[in-house]
Amino acid sequence: MCALSLICCICMLPSDTAFTASNAKLVHFPLHVNQHRMAAHSDRHQWFVKTEMFIRTKSFSEIKPHLVAHKQWVAALRAEGQLITSGYRVDADGKPGGGGLMLFAANSYVAAAELVQQDPLILNGCVDWQLNRWIAEVGDIALVDGGSWYSQNGEI
């Protein structure tokens, strides 16, 4: 059963811009939330964010098979019930190149790091990456199936 919920997020600012009340932009959008998936997220889970950038010493043709494997890996984890989503960042014109972002739940930083190190992009040296715990300050999130990967039947 789905319920209608709202998610509130702060738009990304350039890395050299300090977050202030005057430049904060709040965006509200409706989201159908699967109650079963929300129930899977309990107090013992913590949210983590992996950010990444392709390394410049590999061409996209070298990276592409590992990117496909990464998407299949994330989809398989989701099918197993893991709370995880992955995607890429774009600029103001919608062009990719800002790197990737993966948001997921884990029981601890150690468990999160162990999961991230199974990522085909990391295993094959395709990205420079960083892992951080994310603490929801106002509101929280729930993950649902969707995104361009699903609409493209698992193709890039």
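The accessible surface of the protein chain comes to about 10300 Å² (Shrake-Rupley method, 1.4 Å probe; for residues, only the protein chains shown count as cover), and 57% of this surface belongs to carbon and sulfur atoms. The structure is a predicted model, in which local features need pLDDT of at least 70 and side-chain atom pairs count only at pLDDT 80 or more, while totals for chains, interfaces and linings use all residues. Residues are numbered from 1 along each chain as its sequence is written, and side-chain values use heavy atoms, with hydrogens and water left out.

The chain averages a pLDDT (the predictor's confidence in each residue, from 0 to 100) of 74, and 63% of the residues score at least 70. Over residues 1-42, pLDDT stays under 50.

Five helices and six strands make up the secondary structure (DSSP runs numbered from the N terminus: helices, H or I, at least four residues; strands, E, at least two). Of the 156 residues, 27% count as buried (under 20% relative accessible area, 1.4 Å probe, protein chains only).

Gly 81, with a positive phi near 100°, follows helix 2.

Val 49 lies in strand 3 (residues 46-54) and is buried, because its relative accessible area is 16%. Beyond its neighbours within four places in sequence, Val 49 is in contact (heavy atoms within 4.5 Å) with residues including Leu 101, Leu 103, Leu 131 and Trp 134. The C-alpha atoms of Val 49 and Arg 133 are 6.1 Å apart, although 84 residues separate the two in sequence.

Notes: Buried means under 20% relative accessible area, exposed over 50%, partly exposed in between (1.4 Å probe, protein chains only).
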